[in-house]
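The stops below are meant to be selected in order.

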Amino acid sequence: MSATRVPVIDFAPFLDGEQGERAAVVTAIDRAARDVGFMCLVGHGLPDDQLKALFQAQRDFFALPDTVKAQAAFAYDDTDANTGYVAVGKERLDVKRAPDLKESFQIREPALYGQVNRWPPGQEAFRATTEGFFAAVSDLSMRVLEAFELGLGTEPGYFRDRHRTHSQILRLLHYPPLPPAFQAERGQARAGGHTDYGSVTLLFQDDIGGLEVRDADGKWVPVDPVPGGVVINTGDIMARWTNDVYRSTLHRVRLPEHAGGGRARYSVAFFNDPDNEAEIRVLDQCVSDDNACRYAPILTGDYLVSRRAASY
């Protein structure tokens with residue numbers, strides 16, 4: 001894998017093109033999911049103004065006093081809720097390393113989890129912007145799942161029908177600058193090396209960079225920001241579903257290269273996971289003489305709760 005192996009794919013023909021154009025996009029997405037587990041989509045249809053508004057809203061939110069943000073704190077004794085504000089050093093994506101150098105805020109489907117989501121007082125505009133973006137990116141994620149169905153040859157709607165209760169998370173991320181005297185612990189990162197837990201992740205980056213994926217030789221390769229692009233990666237559940245035909249690739253956000261920590265970094269991640277009661281059973285078409293079934297069936301909820309509990 002090299003930096004060019006994380007392919008940039010124009011998604012517009014899949015959304016609005018003729019049958020042959022759609023098929024070409026499906027082929028490119030399917031190949032990227034099999035070979036790398038990562039890709040970058042442009043032409044995805046999300047308005048630039050909406051994305052810019054969300055990034056500004058999260059900058060304003062993370063600039064609030066810690067005492068305000070803490071009023072929407074994540075409930076660490078209830079990781080099944082999985083919403084609210086997580087302070088710097090409270091999460092450890094690589095459980096063998098020091099805590100991550102980031103803070104985050106996350107919500108679930110507003111229409112279904114309005115009572116679970118946690119909001120700081122007096123931030124109505126921030127809430128409206130965040131919930132509006134949630135709806136738009138949720139729709140896009142379902143179109144990505146549709147492309148996966150076509151690439152794998154499942155029955156139409158196979159994945160989308162198993163994502164109906166919207167077990168989805170929108171996560172806003174802030175990686176603060178590090179002070180000049182900062183000394184990282186061994187192996188520490190802004191976000192430690194990890195695979196994502198669910199089906200598919202959509203990630204919007206600013207222009208700072210720092211995202212890396214690990215190649216087959218164990219080397220960390222940068223995923224450089226692409227203007228207007230959204231990074232797509234497949235997670236552990238999709239890997240289980242496809243018997244590792246679609247890869248769940250280790251990735252991280254590295255520390256800044258220079259002393260003093262450089263600029264703050266912001267990103268937005270959307271995790272589209274299956275319904276909690278969906279059974280993740282290896283697809284028949286992903287089992288062969290050369291690739292025997294590797295995973296026993298498991299319910300989504302059981303898998304996700306165990307993974308989240310280990311991270312906090």
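This is a predicted model: local features need pLDDT of at least 70, side-chain atom pairs count only at pLDDT 80 or more; totals for chains, interfaces and linings use all residues.

Stop 1: Select residues 19-35, which form helix α2. This helix has 17 residues, and the distance from its first C-alpha to its last is 24 Å, close to the 24 Å expected at 1.5 Å a residue.

**Stop 2: its buried side.** Within α2, pick V25, V26, I29, D30, A32 and A33, which are buried. Now look down the axis of α2: the buried residues line one face of the helix, because they fall within an arc of 165 degrees. In an α-helix there are 3.6 residues a turn, so residues three or four places apart point the same way.

**Stop 3: after the helix.** Move on to G37, which follows α2 and has a positive phi, near 85 degrees.

**Stop 4: the largest pocket.** Select L51, F55, Q205, D206 and D207, the closest to the centre of the largest pocket among the 20 residues that line it. The space in this pocket is about 380 Å³.

**Stop 5: the lining.** Colour α3 (48-62) and β7 (200-205), each of which supplies at least two residues of the lining of the largest pocket. Helix α3 gives the most, with 5 residues. By class, the lining residues divide into 10 nonpolar, 7 charged and 3 polar.

Conventions
Residues are numbered from 1 along each chain as its sequence is written. Side-chain values use heavy atoms; hydrogens and water are left out. On a 1 Å grid over the protein atoms alone, a cavity is a set of points where a 1.4 Å probe fits but cannot get out, and a pocket is an open set with protein on both sides within 12 Å along at least five of seven lines; lining residues have an atom within 4 Å of a point. Grid points are joined across faces, edges and corners, and a volume is the space filled by probe spheres set on the points. Helices (H or I, at least four residues) and strands (E, at least two) are DSSP runs, numbered from the N terminus. Ala, Val, Leu, Ile, Met, Phe, Trp, Tyr, Cys and Pro count as nonpolar, Asp, Glu, Lys and Arg as charged, and the others, Gly among them, as polar. The expected span of a helix is 1.5 Å times one less than its number of residues. Buried means under 20% relative accessible area, exposed over 50%, partly exposed in between (1.4 Å probe, protein chains only). The arc is that of the directions from the helix axis to the C-beta atoms.
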